[in-house]
Amino acid sequence: QSRHSRHLAACAAALAQFEDDGDKGDLAVAAERLRLARRELGRITGHVGAEDVLDVIFRDFCVGK
């Protein structure tokens with residue numbers, strides 16, 4: 001499906017950025033790249049993490065306003 005292709009491409013891009021960063025030493029950036037790659041794979045497999053749920057809540061509802 002085209003949706004799967006989009007998510008796989010986004011995952012591959014995040015992993016490529018992770019690899020391109022090499023050993024620049026910024027662990028926070030490296031962790032974010034891996035988190036993005038995992039999230040894209042999760043969108044294909046149906047795995048939904050707590051961060052995904054919170055993203056939807058804060059995006060779709062006026063929590064804290």
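## Charge and surface

The protein chain carries 10 positive and 11 negative side chains, and the centres of these two sets are 8 Å apart. The model described here is a predicted one. Buried residues account for 17% of the 65 residues in the protein chain.

## Overall architecture

The protein chain contains 3 helices and 0 strands. Read from the N terminus, its elements follow the order α-α-α. The radius of gyration is 14 Å, well over the 11 Å given by the globule rule for 65 residues, so the protein chain is more spread out than a compact globule.

Taken along the principal axes, the box filled by the C-alpha atoms of the protein chain is roughly 40 × 35 × 15 Å.

## Helix α2

Helix α2 covers residues 27-45, a run of 19 residues. From the first C-alpha of α2 to the last, the helix reaches 27 Å, close to the 27 Å expected at 1.5 Å a residue.

The buried residues of this helix are A30, A37, R39, E40 and G42. Their packing partners are two helices: α1, which comprises residues 2-21, and α3, which comprises residues 50-60. After α2 comes G46, a residue whose phi is positive, near 90°.

## The loop between α2 and α3

H47 lies in the loop that joins α2 to α3. Leaving aside residues up to four places away in sequence, H47 touches R38, G42 and D52.

## A position in helix α1

A16 is a residue of helix α1. With a relative accessible area of 31%, A16 is classed as partly exposed, the class that lies between buried, under 20%, and exposed, over 50%.

A16 and R38 are 22 residues apart in sequence, and the distance between them in space is 13 Å, C-alpha to C-alpha. R38 is also one of the residues touched by H47.

Conventions. Residues numbered from 1 in each chain as written. Predicted model: local features only at pLDDT ≥ 70, side-chain atom pairs only at ≥ 80, totals over all residues. Heavy atoms only, no water. Helix = DSSP H or I, 4+ residues; strand = E, 2+ residues; numbered from the N terminus. Expected span 1.5 Å × (residues − 1). Buried < 20%, exposed > 50% of the residue type's maximum accessible area, 1.4 Å probe, protein only. Contact = heavy atoms within 4.5 Å. Rg over C-alpha atoms; globule rule 2.2 N^0.38 Å. Lys, Arg positive; Asp, Glu negative; His and termini not counted. Charge placed at Lys NZ, Arg CZ, Asp CG, Glu CD.
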